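Welcome, and thanks for taking a look at this one with me. Below are some numbered notes to read alongside the structure.

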Amino acid sequence: MRQIVLDTETTGINPKLGNRVIEIGCVELVDRKLTGNNFHRYINPDRESEEGALNVHGLTTEFLSDKPRFHEIVEELREYIRGAEVIIHNAPFDLGFLNHEFRMLNLPSFDEHIGGVIDTLVQAKELRPGKRNSLDALCDFYGISNAHRKLHGALLDAELLADVYLAMTRGQNSLGMDIEEETSAGGIQLEQVALAEILVVRASSDEMAAHEELLNGLDKAVKGTCIWRTPVA
């Protein structure tokens, strides 16, 4: 299974307003192992970055002025990502920009080159509802050092996201099903292996109080009892 963890940096937040991709960073995973076959390019957007975006990535117009344009690196990118499952944090943002860049070159959309998308932000929200799920927050939660991350950078963020994704989905490798043991003549009896210990982390008193406050607000909103307080039949 080939997966590509991808991140971009851009001149702003909306490609429809003329903003462009200025950096692409990709990290390759094969069978959940880092291969070192990474893809990283800076791109000259032929425009300045908006102030807010520049404060995030620090990639100045002067620095990007001698870098290739998107059309000069797109064939390398197409070949690199072709058929792979792509892992992105907040996928609609990056896909929106990449699809826009591909359309401007009259190419099939970025989506059409790949074998699917995993949005780690969606996954994190399902695993940690109500929590901060930025890349920095997930690095803190999973014990992944990001002390060297002073500014956003596409390759650095893709490397961090690869570590976060592997940590976040590690339990998927140990999931099992209760299967009735079967033996047959001449067969080999397999050794039974104990499943990993299930850890139960209970809510703190502060979290319980915050939860109760949230339910009270829902009760007020529906002018009655919200569904979360309704006993299960």
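1. Let's start with a pair of helices. α6 and α7 are oblique to each other: their axes cross at roughly 50 degrees and come within 10 Å. α6 covers residues 135–142 and α7 covers residues 154–168. The crossing between α6 and α7 is left-handed. Please keep in mind throughout that this is a predicted model.

2. Which residues of α6 and α7 meet? On the α6 side they are Leu135, Leu138, Cys139 and Tyr142, and on the α7 side Asp157, Leu160, Leu161, Val164, Ala167 and Met168. Sorted by class, this contact of α6 with α7 holds 9 nonpolar residues, no polar ones and 1 charged residue.

3. Stay with α6 for a moment. Its buried residues are Leu135, Ala137, Leu138 and Cys139, and they pack against both α5 (120–127) and α7. After α6 comes glycine 143, with a positive phi near 70 degrees.

4. α7 has a further partner in α5. The axes of α5 and α7 lie 11 Å apart, at an angle of about 40 degrees. That angle makes α5 oblique to α7, and α5 passes α7 in a left-handed crossing. Thr120, Gln123, Ala124 and Leu127 of α5 make the contact with Leu161, Tyr165 and Met168 of α7. By class, the contact of α5 with α7 has 5 nonpolar and 2 polar residues, with no charged ones.

5. Now for the wider view. The protein chain has 8 helices and 6 strands, which run from the N terminus as β-β-β-β-α-α-α-β-α-β-α-α-α-α. Of the 233 residues in the chain, 39% are buried. Among contacts between residues at least 6 apart in sequence, 66% join residues at least 24 apart.

6. Where is the largest nonpolar core built from? That core has 24 residues, and Ile24, Phe70 and Phe110 have the most contacts inside it. Two or more residues come from each of β1 (2–10), β2 (21–30), α3 (70–81), β5 (85–88) and α4 (91–104). α3 gives the largest share of this core, 6 residues. Another core, of 20 residues, lies apart from it; Leu29, Ile118, Leu156 and Met168 are among them. As background, nonpolar side chains tend to be buried together in soluble globular proteins.

7. Beyond residues up to four places away in sequence, phenylalanine 110 touches Leu6, Ile81, Leu95, Leu98, Asn99 and Phe102. Is serine 109 buried or exposed? With a relative accessible area of 14%, serine 109 is buried, because that value is under the 20% cut-off. Serine 109 sits in the loop between α4 and β6 (116–119). Neighbours within four places aside, serine 109 is in contact with Asn99 and Phe102.

8. Finally, have a look at asparagine 55, in helix α1 (residues 51–57). Asparagine 55 counts as exposed because its relative accessibility, 55%, is over 50%. Asparagine 55 and histidine 152 are 97 residues apart in sequence, and their C-alpha atoms are 9.3 Å apart in space.

Technical notes. Residues are numbered from 1 along each chain as its sequence is written. This is a predicted model: local features need pLDDT of at least 70, side-chain atom pairs count only at pLDDT 80 or more; totals for chains, interfaces and linings use all residues. Side-chain values use heavy atoms; hydrogens and water are left out. Axes are lines fitted to C-alpha atoms, for helices over the stretch in contact, and angles run from 0 to 180 degrees between N-to-C directions. Helices (H or I, at least four residues) and strands (E, at least two) are DSSP runs, numbered from the N terminus. Angles under 35 degrees count as roughly parallel, over 145 as roughly antiparallel, 65 to 115 as roughly perpendicular and the rest as oblique. A crossing is left-handed if the near helix is turned anticlockwise from the far one by less than a right angle, and right-handed if clockwise. Contact means heavy atoms within 4.5 Å. Ala, Val, Leu, Ile, Met, Phe, Trp, Tyr, Cys and Pro count as nonpolar, Asp, Glu, Lys and Arg as charged, and the others, Gly among them, as polar. Buried means under 20% relative accessible area, exposed over 50%, partly exposed in between (1.4 Å probe, protein chains only). A nonpolar core is a set of buried Ala, Val, Leu, Ile, Met, Phe, Trp, Tyr and Cys residues joined through side-chain atoms within 4.5 Å.
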